[in-house]
Amino acid sequence: MNLHEYQSKKLFLDHGIPVLKGKIANSPDEAKSAAEKLQSDIWVVKAQVHAGGRGKAGGVKIAKSIDEVQERAAEMLGSNLITKQTDDLGLPVSQVYIESGTSIQSEYYLSLLVDRTKESWTFIASKEGGVDIEAVAEESPDKIINYTIDPLKGLEIGSLKEMADRMEFVDDIQSQFISITRKMFEIAKDKDANLIEVNPLILDDDNQLIALDAKISIESNALFRQHELLSYKDDSQENELEVKASNHDLSYVSLDGNIACMVNGAGLAMATMDLIKLHGGEPANFLDVGGGATTERVKIAIEIIMENPNVDAILINIFGGIVRCDIIAQGIYEAVKSTAIDIPIVVRLQGTNVELGTKILEESGMKIISASDLTDAAIKVVASIKGKTE
Amino acid sequence: MSVLVNKETRILCQGITGSQGSFHAEQCIEYGSNIVAGVTPGKGGSTHLDVPVFNSVAEAKAGLEIDVSMIFVPAKFAADAMKSAIESEIGLIVCITEGVPVQDMIEVKAMLNGSDSILLGPNCPGIITPEETKIGIMPAFIHQKGSVGIISRSGTLTYEAVHQTSMCGLGQSTCIGIGGDPIKGLNFIECLSLFEKDQATEGIVMVGEIGGSDEEKAAEFIKENISKPVIAYVAGVSAPPGKRMGHAGAIVTGNEGTALSKYEALNEAGVVTTDSPALIGKIMKDLLNR
């Protein structure tokens, strides 16, 4: 679960990581009064979306008067911000964060993340801040400083000092830096964060380190013990169908193609997409109905994949293990009956109760194309829409 | 012969009285698996599925010989269940539970590293040695005793590989579902090394997927250490970057974890790769020349 910048900065503030004074606004008027309350002579208006690259996309604007704050806010609010991290539609801006301006001596990069390779938390720091860190890592890996925390020992002061030395922070600035890293680790542990990124971390003219931006991502599997963060969830930043599917405990990802798939199991669902592509088609989605598929879940799954207007055909691929093929077949039957689907449906059933399942589909009178195996299914579904232009 | 488990293996089921634990433990017993006891805190002293239930792993271990613990407890308690199995020095811990927070797994792995226990999972279908023992949730009837060792990050794709190797008459020595989480127990390398040493295993199937770099590491390892033929399929060639494809660990981040990079590494290591999961059985049959 991703947090907005203003939510991340609230956590920073709560834990004592220095941030600029800021206020959230839902309307141009609120932006104006926020700017008044912040008592500054320069402000920054920042679009709140779950994507990086906002600055270059026009989602971060400097304002030199209160009227200008209001104008910039009016431009952003209600628009969609398209950055290099979003798709072509961009993400809706329904809130802007107004911050007082600051002087900037230099910019740095600092993040703390769950590192799957090291099986622990790793700090990544660089003297190159405010830039695409992946590009820095690729072009000049020597500019990237890593410190992986030993989970049994926790933070070690020697390693933090070494990191600060390599960042060329001395004396008081070094202490500030170490304090920030400690607080980031506190947040990572307390809030089950998978990623805490400060890009850039800046040094102002008074030699104070400040988190100018903040990005936090919370482990979805840990939300059961992070109740207070649940209110931070913003579904408007996610794909509508993906949210709907997840509310039904279905795992769905929207794609660009026109062949919808419904599969049991995440690996098999990916493999089904791969096979469609291999045989010249384009998948419209990833959908895992899971191990506990019931007639009702299958029905909902089919309804969700049919909501995508690009879909020209459906491929249903089930390997019945715990899931019984007859249950799936019944779900397909009921969904087709109630939603009046008139596009080709290719079904491949295998495993538990496959004969019963096949019988239900055959006797239903529906125009279902049966497939004998994975390859056959992919070939048939691609053939079923041949001639259709995308 | 087989790897890790056989018909002698004595199994403890943590979470045996829960709905999942109860359903699957019963299926395992039906298959012939030797489940000797169960654990559910607060239900110690009772009997479930004709085996004694204890309050803790330690209590069960005090009076019984136990080789494997199979864990079905809900995600929020799964880390504690794994830790208590490690504390009780259970040899192999198989955690089926899906949705364990990755932060919990950092702690479990740190504890595991200083112990003699082996962990399989979490978020995995388990392990089966056909016609001997089934420790997990896989559908038993598709398996057949034989010569192919299977290692897989995905449940249903494992079943696909199992089904195909059964249909073409090769069968399986042991099938290990290592699971789809980013931080987990047994990985490809450990399993490859076990199958290399196992006399019953003539060929190895590796089913990988996008995310992380475990397949690349396995490729390095195969080059130096594996003499038996290995076939690999990697799911997710068509997956978009930055999207989690069902499994917690199945995500391409930046340039890391793409199916392409995995295929390149595996090809370079001399592994026979296929871009179609439908051909695993056929290719293995050709490779073993039968």
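Me: In which loop of chain A is the place of Q39(A)?

Reply: This is a predicted model in which local features need pLDDT of at least 70, side-chain atom pairs count only at pLDDT 80 or more, and totals for chains, interfaces and linings use all residues; side-chain values use heavy atoms, without hydrogens and water. Residues are numbered from 1 along each chain as its sequence is written, while chains are lettered from A and ligands numbered from 1 in the order in which they are written. Helices (H or I, at least four residues) and strands (E, at least two) are DSSP runs numbered from the N terminus. Q39(A) is in the loop between helix 2 (28–38) and strand 2 (43–47) of chain A.

Me: What is phi of Q39(A)?

Reply: Q39(A) is a residue other than glycine.

Me: Where in chain B is the place of P122(B)?

Reply: The peptide bond from G121(B) to P122(B) is cis, with omega near 5°. P122(B) is placed in the loop between strand 7 and strand 8 of chain B.

Me: How does helix 10 of chain A run relative to helix 11 of chain A?

Reply: Helix 10 (residues 325–339) and helix 11 (residues 354–363) of chain A pack with axes 7 Å apart, at an angle of about 15°. Helix axes are lines fitted to C-alpha atoms over the stretch in contact, with angles from 0 to 180 degrees between N-to-C directions. Under 35 degrees counts as roughly parallel, over 145 as roughly antiparallel, 65 to 115 as roughly perpendicular and the rest as oblique. Helix 10 of chain A is therefore, relative to helix 11 of chain A, roughly parallel.

Me: How many charged residues are in the contact of helix 10 of chain A with helix 11 of chain A?

Reply: Helix 10 of chain A brings C325(A), D326(A), A329(A), Q330(A) and I332(A) to the contact (heavy atoms within 4.5 Å), and helix 11 of chain A brings V354(A), L356(A), G357(A), I360(A) and L361(A). Ala, Val, Leu, Ile, Met, Phe, Trp, Tyr, Cys and Pro count as nonpolar, Asp, Glu, Lys and Arg as charged, and the others, Gly among them, as polar. The contact has seven nonpolar residues and two polar, and the number charged is one.

Me: How does helix 5 of chain A lie relative to helix 6 of chain A?

Reply: The axes of helix 5 (residues 157–166) of chain A and helix 6 of chain A come within 10 Å and cross at roughly 125°. That angle makes helix 5 of chain A, relative to helix 6 of chain A, oblique.

Me: How many nonpolar residues are in the contact of helix 5 of chain A with helix 6 of chain A?

Reply: I157(A), L160(A), K161(A), M163(A), A164(A) and D165(A) of helix 5 of chain A meet Q174(A), F177(A), I178(A), T181(A) and R182(A) of helix 6 of chain A. By class, two are polar and three charged, and the nonpolar count is six.

Me: Which residues of helix 6 of chain A meet helix 1 of chain A?

Reply: Helix 1 (residues 5–15) and helix 6 (residues 171–190) of chain A cross at roughly 115°, their axes coming within 10 Å. L11(A), F12(A) and H15(A) of helix 1 of chain A meet K183(A), E186(A), I187(A) and D190(A).

Me: What is the volume of the largest cavity?

Reply: The search works on a 1 Å grid over the protein atoms alone: a cavity is a set of points where a 1.4 Å probe fits but cannot get out, a pocket is an open set with protein on both sides within 12 Å along at least five of seven lines, and lining residues have an atom within 4 Å of a point. Points are joined across faces, edges and corners, and a volume is the space filled by probe spheres set on them. One cavity of 30 Å³ or more is found in the whole structure. The largest cavity has a volume of about 40 Å³.

Me: Which element supplies the largest share of the lining of the largest cavity?

Reply: The lining residues include P125(B), M138(B), H143(B) and Y159(B), and by class the lining has six nonpolar, four polar and no charged residues. Strand 8 (126–129), helix 5 (155–167) and strand 11 (172–177) of chain B each give at least two. The largest share, three residues, comes from strand 11 of chain B.

Me: Which residues lie nearest the centre of the second largest pocket?

Reply: The second largest pocket has a volume of about 360 Å³, and its lining divides into nine nonpolar, six polar and seven charged residues. Of the 22 lining residues, those nearest the centre are E119(A), K109(B), G185(B), N187(B) and E190(B).
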